[in-house]
Amino acid sequence: TRYILNIPFPQFQALRSLYTPDIETSPVVTSLRQFLANIQGTGKQPVIYALCRRGVDSKIVTRVLRNQVMLEFPVFNITGGYVAWSEQVDDSFPVY
C-alpha cells in the first residue's frame, strides 16, 4: 500500500529559515507528523520518498526533512524527479 501526501514546495522553502522549535510547530510539519502517525497506526513503518519534476526541489525537501525536521523514518530523494522516473522506470508515468 502506498500513501501519498502532497506538500507544495514553497511550504518546505519556508521551513529552511526556521529554527528547530519553530519548525516543530509549523503547519507543514504538524500535517506531516499526523500523516505519518496514521500510517504507523496501520502497523506499517513509513519510508518517505520526495519527488518533484526534475529532482532538484525534492533534494532540498529531503535535506530539510533529514536535517531540520529530524524524522525518525528513512527519507529518500528520487534522483532526476518524475521525468527520470518516466524515462527509466515507468514510461506510462505522466510527465507534464
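**View 1. The elements of the protein chain run α-α-α-β-α-β-α from the N terminus on.** The secondary structure comes to five helices and two strands; helices (H or I, at least four residues) and strands (E, at least two) are DSSP runs, numbered from the N terminus. The radius of gyration of the protein chain is 14 Å, close to the 12 Å given by the globule rule for 96 residues, so the chain is as compact as a globular protein of that length. That radius is taken over C-alpha atoms, and the globule rule is 2.2 Å times the number of residues to the power 0.38. This is a predicted model, in which local features need pLDDT of at least 70 and side-chain atom pairs count only at pLDDT 80 or more, while totals for chains, interfaces and linings use all residues. Residues are numbered from 1 along each chain as its sequence is written, and side-chain values use heavy atoms, with hydrogens and water left out.

**View 2. The C-alpha atoms of the protein chain fill a box of roughly 40 × 35 × 20 Å along the principal axes.** Of the 96 residues, 33% count as buried. Buried means under 20% relative accessible area, exposed over 50%, and partly exposed in between (1.4 Å probe, protein chains only). Among contacts between residues at least 6 apart in sequence, 62% join residues at least 24 apart; a contact means heavy atoms within 4.5 Å.

**View 3. The largest pocket holds about 1,300 Å³ of space.** Rolling a probe the size of a water molecule over the atoms shows where empty space is left. On a 1 Å grid over the protein atoms alone, a cavity is a set of points where a 1.4 Å probe fits but cannot get out, whereas a pocket is an open set with protein on both sides within 12 Å along at least five of seven lines. Grid points are joined across faces, edges and corners, and a volume is the space filled by probe spheres set on the points. The lining comprises 35 residues, of which Ile4, Leu5, Tyr49, Ala50 and Leu51 lie nearest the centre of the pocket; a lining residue has an atom within 4 Å of a point. At least two lining residues come from each of α1 (9-15), α3 (27-40), β1 (48-50), α4 (56-69) and α5 (81-88). By class, 26 lining residues are nonpolar, four polar and five charged. Ala, Val, Leu, Ile, Met, Phe, Trp, Tyr, Cys and Pro count as nonpolar, Asp, Glu, Lys and Arg as charged, and the others, Gly among them, as polar.

**View 4. The structure holds two aromatic pairs.** Tyr49 and Phe76 form a stacked pair, with 5.5 Å centre to centre and 25 degrees between the planes. Tyr49 lies in strand β1 and Phe76 in strand β2 (residues 75-77), so the pair ties together parts that are 27 residues apart in sequence. Tyr49 is exposed, at 53% relative accessible area, and Phe76 is partly exposed at 38%. In the other pair, the ring centres of Tyr82 and Phe93 are 6.2 Å apart and the planes are at 45 degrees, so this pair is tilted. Tyr82 is in helix α5 and Phe93 in the segment after α5, 11 residues apart. Tyr82 is buried at 8% relative accessible area, while Phe93 is partly exposed at 28%. Rings of Phe, Tyr and Trp (its six-membered ring) pair if their centres lie within 6.5 Å; planes under 30 degrees apart count as stacked, over 60 as edge-to-face and the rest as tilted.

**View 5. Phe12 has its place in helix α1.** Phe12 is buried, at 5% relative accessibility. Leaving aside residues up to four places away in sequence, Phe12 touches Ile7, Val28, Val61, Val64 and Leu65. Phe12 and Val64 are 52 residues apart along the chain, and their C-alpha atoms are separated by 7.5 Å.

**View 6. Met70 lies in the loop between α4 and β2.** Met70 has a positive phi of about 55 degrees although it is not a glycine. At 54% relative accessibility, this residue counts as exposed.

**View 7. Gly41 lies in the loop between α3 and β1, and Glu87 in helix α5.** Gly41 is exposed, with a relative accessible area of 67%. From Gly41 to Pro74 the C-alpha distance is 17 Å, across 33 residues in sequence. Glu87 is exposed as well, at 65% relative accessibility. Glu87 and Leu5 are 82 residues apart in sequence and 23 Å apart in space, C-alpha to C-alpha.
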